[in-house]
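Hello,

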Amino acid sequence: MLRAIRPTRSKSFRGTVAGFALAIALAGGVAMGSTAVTSDAAYAQENSRGFVEAYHPVAELVNDETPDYAAAKAALPALYEKIENENDRQVAGNLTLIVGNNTDDKALQRRGLEMMLQSGLVAPEQLGQFNFYVGSLAYQAEDYAAARQALQAAKDAGYTDPETDLTMLIADTYTREENARGALDYLLQSVSSAEAAGTTPNERWLLSALQTTYDFELTNEAVDVSETLLRHYPTQTNWVNSLQVINALNEFEPAARVDLFRLMSQTDALTQRAEFVRYIEDLDPRVMANEVQDILASGVTAGTFTTDDPYYVEVKGIADTRAPQDRNGIEGLVSDGQSGDAVDALSAGDVLYSLGDFARAENMYRMAMEKGADANLANTRIGIAQAEQGNYAAAVDTFGMVEGVRSPIARMWAAYASSMM
């Protein structure tokens, strides 16, 4: 709600407007007081004679025991034509604001405030407040460019409002112009400014920025925002928000998506049945049975599956049959990986990973890369294995080597490793 303004440099005219309110609450119409001019000399020095003569009859309309604000409103254009100096402009603006308030004319309220600002006679400590009111009125009028300019001026003047986040409101002016890039850039600029000042950026700015990347499918920017959000606010909710956005905005192949789901599992960000099911299907219970068993157990703990759920029963039957074979035959798989090609080494590394043998899995992934496996895939899984071992600094370095379509996944894993260091 807009609150009272009290200009300190405005002067009322002797005789005509003595006791006349120089400021008025936009929302409530509460007079806030005035300062009377005490001499003709002071009066003459501040306002031009032609303006005074035009002002007198309009002021009488407002000051009458039964004010005629409609008539005063109709007389304002002629008064404006008599403005010769900035003191005239200030007084005319104040009168305009009062008439606008009493006729519930927001356009007139805004014009009055703007005239007072244009006069240059508003007290420095009130510039933020005045600009905030102008910006609020312009926003209501859907004049978003003007609202943005005034609200930024209020922010630059140090104005704060307990009910309004100016940064969010300014960003919203871009959004309402369907300028998602402008909104995002403004929010991130505000985040950067806060960081440069040594303060923690507002979480709402980052969440709004993340929502913008999702709404407007800004894939690369979603990763940037997620990294910053998680650096400052690595909560479980924010892991859910970030990883769901990354997953939704990217078309990952199953082998890559598995690594994203692994991070979601690690950060308790698996919250939907569809995510658990896709994770299991991407792993394939016939190949990565031991890891599938872990995911099924997590799904039951999370309330996603029940032990009599037909899907759960079917998949668990497959995984329970296959899992002992992997555990019992792991040494043969490792031997095949060492003597075979990149595919054999990678397969051995995956099974070792599913068994929780992360150190040996890391070694097999390195061997796979030496044998010609895709470096981005291998480095992703080397980094994950390092993170699982608690070797977070090394993991961050390894994830930094990942390029291409896996880069968003590696960067999110790096954010996790960084948060754990």
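Let me start with helix 10 and helix 12, which are roughly parallel to each other. Please keep in mind that this is a predicted model. Helix 10 covers residues 203-215 and helix 12 covers residues 236-249; their axes lie 10 Å apart, at an angle of about 20°. An angle under 35 degrees counts as roughly parallel, so that is the label this pair gets. The crossing of helix 10 past helix 12 is left-handed. On the helix 10 side, the contact is made by E203, L207, L210, T213 and Y214, and on the helix 12 side by N238, N241, S242, V245, A248 and L249. Sorted by class, the residues of this contact come to six nonpolar, four polar and one charged.

Next, helix 13 and helix 22. Helix 13 spans residues 254-266 and helix 22 spans residues 407-420, and their axes come within 10 Å and cross at roughly 20°. These two helices are therefore also described as roughly parallel to each other. Helix 13 passes helix 22 in a left-handed crossing. Helix 13 brings A256, D259, L260, R262, L263 and Q266 to the contact, while helix 22 brings I409, M412, W413 and Y416. The class count for this contact is seven nonpolar, one polar and two charged residues.

Helix 6 and helix 7 give another picture. From helix 6 the contact draws on G128, N131, F132, V134, G135, S136, A138 and Y139, which meet Y144, A146, A147, A150, L151, A153 and A154 of helix 7. By class, there are eleven nonpolar and four polar residues here, and no charged ones.

Now to the aromatic rings. How many aromatic pairs does the count come to? The count comes to 14. One of the pairs is F261 with Y279: the ring centres are 5.5 Å apart and the planes sit at 25°, so the pair is stacked. F261 belongs to helix 13 and Y279 to helix 14 (residues 273-283), so this pair ties together parts that are 18 residues apart in sequence. Both F261 and Y279 are buried. Elsewhere in my notes, W239, Y392, F399, W413 and Y416 are linked by ring pairs into a cluster. Among these, W413 and Y416 also take part in the contact of helix 22 with helix 13.

You will find M369 in helix 19, which runs over residues 358-370. Is M369 buried, partly exposed or exposed? With a relative accessibility of 28%, M369 counts as partly exposed. Leaving aside residues up to four places away in sequence, M369 touches A375, A378, N379 and I382. The C-alpha atom of M369 is separated by 8.7 Å from that of A345, and the two residues are 24 residues apart along the chain.

Have a look when you get a moment, and send me any questions.

Best wishes

Key:
Residues are numbered from 1 along each chain as its sequence is written. This is a predicted model: local features need pLDDT of at least 70, side-chain atom pairs count only at pLDDT 80 or more; totals for chains, interfaces and linings use all residues. Side-chain values use heavy atoms; hydrogens and water are left out. Axes are lines fitted to C-alpha atoms, for helices over the stretch in contact, and angles run from 0 to 180 degrees between N-to-C directions. Helices (H or I, at least four residues) and strands (E, at least two) are DSSP runs, numbered from the N terminus. Angles under 35 degrees count as roughly parallel, over 145 as roughly antiparallel, 65 to 115 as roughly perpendicular and the rest as oblique. A crossing is left-handed if the near helix is turned anticlockwise from the far one by less than a right angle, and right-handed if clockwise. Contact means heavy atoms within 4.5 Å. Ala, Val, Leu, Ile, Met, Phe, Trp, Tyr, Cys and Pro count as nonpolar, Asp, Glu, Lys and Arg as charged, and the others, Gly among them, as polar. Buried means under 20% relative accessible area, exposed over 50%, partly exposed in between (1.4 Å probe, protein chains only). Rings of Phe, Tyr and Trp (its six-membered ring) pair if their centres lie within 6.5 Å; planes under 30 degrees apart count as stacked, over 60 as edge-to-face and the rest as tilted.
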